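Here is a short report on one protein chain. Look over the sequence and the structure first, then read on.

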Amino acid sequence: MGREIAVVGGGPAGITAAIKAAEAGAFVTLYEGNDRVGKKILSTGNGRCNFSNERMGAQYYYGSGRELVEHILERFGADWTAAFFEELGMRIKSRDGYLYPASDQASTVLDLLRYELTRKEIKVHTGERITKICSQNGKWILLPKQASYDAVILACGGCAAPETGSDGNGFALAEKLRHRIIPPVPALCALRCREKFYKQVAGVRCDAEVTLFVEGQAVASERGELQLTDYGLSGIPVFQLSRHAAKALREKKHVTARVSFLPDLDEEACKAFFEKRLAVQAEDEMTAFLTGIVNKKINILLLKLAGIRESERAGMVNAAAFARLIRLYGGLETEIMDTNGFDRAQVCAGGVDCSEVTQRLMSKKLPGLYFAGEILDVDGICGGYNLQWAFASGAAAGEAAALDTW
């Protein structure tokens, strides 16, 4: 007879864990605090659900579980995820390696998962928040339900996007079960800067390279479409850097960023570019001289920061001011004061210390207790990596909970 397994959390990891456990012969009950399962799935990929990526590997993940991620992805990688959804009936398309449902609707992913829960006869309890889990006489007791199970899978998510139900409850449950929680911080989010000039360029998007510095040392650099907001920096390259900034800020370290608006040019090439332009446009006013280089609002801002009047003729600008302007195009320095909060972050960095979990995602302290998804200290970059981890870790935990001997 199959085991009785409880899955706490009805997000992508929890749903997949429930399906795989049932597939392996277990009798599964899924508990979700929201009024429906999978709410977070609907907001992913701007509603299109970039669920995985053909370029898959542990190098795209951070946290205490790099080796764990590598082990899980060896079996439950992008090919497995694609095949899993194809078997459920979904057509898939790739955009430069980013995998989406062919319908371009996140609801397709959720609907197919929900239909599979029904087909596998998994009991789903929505609107039920588990407040305590304890072990008693070889069984796991879930409160306030007073229900007992052979194994429990914690897949409650993290702290990001709390309106979808990820309110940190899973961390509290794991901590009560004597597991170390690496303090979570927002990740894949915008950065808030000290300077007040960002309101002048709010809404501008441009190709740029952003380099993050912690205590004066470069820690990471990303290039892509930068989005300037009234409070600072946003866009994919900034999202990729945000977990590093958040971790450093939590440790009270000084964090800055350098933004290159001419990412194809190094310092010498940038200088040569402007000198060549000056040779033929010395009589132009600076607004005309800079037209065509980058967005007009950025040109005007950098002029102000360099201390140059818009109406000043290019050939009349003193050498020191011109040198400042060139440096600003090559690397605008800005101080990072904060990140956006969990309510505006796509994921959180931190969670259950992966050193306390086996390669089968079972607790090393409490046999029969498993973890899956964002509750673990694993966070990926943009591009489908976090959903891939949810599906992969859910599959691994579900199968293991149904089949392992302790």
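At 52% relative accessibility, aspartate 266 counts as exposed, because the cut-off for exposed is over 50%. This is a predicted model. Aspartate 266 sits in the loop that links strand S17 (255–260) to helix H7 (267–281). Asp266 also belongs to a surface patch of negative charge, together with Glu267, Glu268 and Glu275.

Now take a residue from another part of the chain. Is histidine 244 buried or exposed? Histidine 244 counts as buried, because its relative accessibility is 18% and buried means under 20%. Its place is in helix H6, which covers residues 236–250. Which residues does histidine 244 touch, once neighbours within four places in sequence are left aside? The contacts are Tyr62, Leu212, Val219 and Ala220.

The two residues compare as follows.

| Residue | Relative accessibility | Class |
|---|---|---|
| Aspartate 266 | 52% | exposed |
| Histidine 244 | 18% | buried |

Next, the chain as a whole. Eleven helices and 21 strands make up its list of elements. The C-alpha atoms fill a box of roughly 85 × 45 × 35 Å along the principal axes. Of the 406 residues, 56% are buried. Take the contacts between residues at least 6 apart in sequence: 73% of them join residues at least 24 apart.

The accessible surface of the chain is about 17,800 Å², and carbon and sulfur atoms hold 47% of that. The chain carries 49 positive and 50 negative side chains. The centres of these two sets lie 4 Å apart.

Definitions and conventions. Residues numbered from 1 in each chain as written. Predicted model: local features only at pLDDT ≥ 70, side-chain atom pairs only at ≥ 80, totals over all residues. Heavy atoms only, no water. Helix = DSSP H or I, 4+ residues; strand = E, 2+ residues; numbered from the N terminus. Buried < 20%, exposed > 50% of the residue type's maximum accessible area, 1.4 Å probe, protein only. Contact = heavy atoms within 4.5 Å. Areas by Shrake-Rupley, 256 points an atom, 1.4 Å probe, with all protein chains shown as cover. Lys, Arg positive; Asp, Glu negative; His and termini not counted. Charge placed at Lys NZ, Arg CZ, Asp CG, Glu CD. Patch = residues over 30% accessible without salt bridge, like charges linked within 9 Å, V, L, I, M, F, W, Y side chains within 5 Å. Salt bridge = Lys/Arg side-chain N within 4 Å of Asp/Glu carboxyl O.
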